[in-house]
Amino acid sequence: MVHKCTYPLQAKLEIVQGCNHDCFFCGVTHKKDKKYKFMEIETLKEIVSKLPERTKRLDFELHGEPLLNKNVLMFIEYARKEKPLLQITIISNVKMIKNIDQINDLFNAGLNNLYADLYTEKIKDNFLQIIKERSKDIKVIDIYKGDDSPWGYKGSKNKKIFLSDETIITNRSLRKSRQLNNFGGNLPYAIWSKYIDAHLNDFPVMRKCIEPFKSLTIDYQGNIFLCCMDLYKSLIMGNVYNDTIENIWNNELFMKIRYVLNQGRRDLVPTCYFCDRITYRVGLYGYFGRKYSLSEIEEISKRTNLSEYVKQLFEMREQWYTLT
């Protein structure tokens, strides 16, 4: 046995790189490359065909707005046909949605969850007005009220719209919210420092992380990279065109990173060194593979392609808190 979970519980797909909304607290907003890049249907088919049968969640999200991809309905329809048990979720700022027909088309194609991030009062008012006309089989759920959420597996038959009212800044401090993070240290300190928790006063954040134990992240080209916080894809584990997902998921580089993160040694992974993401239920993801020596771990640094901003942080580690 290599570790408890030899397959990803969920797959996160970047069907669009780039966003049509500039959130000041989002790492995508601060990337230099603003060009949209889209996943092609052939790449989506390759991914779906290689998804492990026990992977039950497929989320269209990551570093862009999914609804910008003109083939999104085709993606949902194909995934639903090929993997009927998948729970398919889209996380969107819903700026692209202008009428109820667009929402109906998504759910008719096979979507289970539409997670709506409502970033402005105008977006919120427009969207709430549109969904008043929805069919009765589509439930609307306030993410901050009640216990329902799209994060666990609830089956492949549900039709739900989750409302995340981001116009209320205090919502972001609630555990149910996807808490603000610094995208592997790539979000400028002046932006995210106002949201930093009291227990994150020193770096590296010497805490365990379970993201590489449960979540598979794939970009628009089919590259599998470390995790959703790896904004610049500094650690590429493999590509779905060149190998099976199982082989990539269990390759030695992934195993070394899991071993390190299971010990809370984020300082040994350059991509994780300045990352402030806190993961929960870490006890469910124990590591039972081989133990590596520090000399063997050095390969991680050799494979890491850091962004210029994080390179600067490494050079200024001692005084990095003064960065603006």
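Which residues form one aromatic cluster? Tyr-259, Tyr-287 and Tyr-292 do. The model is predicted: local features need pLDDT of at least 70, side-chain atom pairs count only at pLDDT 80 or more, and totals for chains, interfaces and linings use all residues. Residues are numbered from 1 along each chain as its sequence is written, and side-chain values use heavy atoms, without hydrogens and water.

The chain has 10 helices and 11 strands. These are DSSP runs, numbered from the N terminus (helices H or I, at least four residues; strands E, at least two). Of the 324 residues in the chain, 56% are buried. Buried means under 20% relative accessible area, exposed means over 50%, and partly exposed lies in between (1.4 Å probe, protein chains only). A contact joins heavy atoms within 4.5 Å. Among contacts in the chain with a separation of 6 or more, 75% link residues 24 or more positions apart.

Helix α1 spans residues 41-50, and its buried residues are Ile-41, Thr-43, Leu-44, Ile-47 and Val-48. They cover an arc of only 155° around the axis, so they lie on the same side of α1. The arc is taken over the directions from the helix axis to the C-beta atoms. The cover over these buried residues includes β1 (10-13), β4 (57-60), α2 (72-82), β9 and α7 (245-249). In helix α4 (residues 121-130), Ile-123, Lys-124, Phe-127 and Ile-130 are buried. Their arc around the axis of α4 is within 135°, so they line one face of the helix. The elements covering them include α3 (100-109), β6 (113-118) and β8 (160-165). An α-helix has 3.6 residues a turn, so residues three or four places apart point the same way.

Strand β9 (residues 215-218) holds Thr-217. Thr-217 counts as buried because its relative accessibility is 1%. A polar atom of its side chain lies 2.8 Å from the backbone oxygen of Phe-225. Beyond its neighbours within four places in sequence, Thr-217 is in contact with Lys-12, Leu-62, Asn-223, Ile-224, Phe-225, Leu-226, Cys-227 and Cys-228.

Phe-225 also meets a charge. The charged end of Lys-233 sits over the ring of Phe-225, 5.7 Å from its centre. Arg-258 lies over the face of Trp-249, at 4.4 Å from the ring centre. A charge sits over a ring if NZ of Lys or CZ of Arg is within 6 Å of the ring centre and within 35 degrees of the ring normal.

Aromatic rings also meet one another. Rings of Phe, Tyr and Trp (its six-membered ring) pair if their centres lie within 6.5 Å; planes under 30 degrees apart count as stacked, over 60 as edge-to-face and the rest as tilted. The count comes to six aromatic pairs. Tyr-36 and Phe-38 form a tilted pair, 6.1 Å centre to centre with 45° between the planes. Tyr-36 is partly exposed, with a relative accessible area of 37%. Phe-38 counts as partly exposed at 35% relative accessibility.

How many disulfides does the structure hold? The number is zero, where a disulfide is a pair of cysteine sulfur atoms within 2.5 Å. For Cys-272, the nearest cysteine sulfur is that of Cys-275, 6.4 Å away. For Cys-275, the nearest is that of Cys-227, 6.1 Å away. Cys-272 counts as buried at 9% relative accessibility, and Cys-275 counts as buried at 8%.

Terms used:
A polar contact is a pair of N or O atoms within 3.5 Å; within protein, one must be able to donate a hydrogen and the other to accept it, and residues adjacent in sequence count only if both atoms are side-chain atoms.
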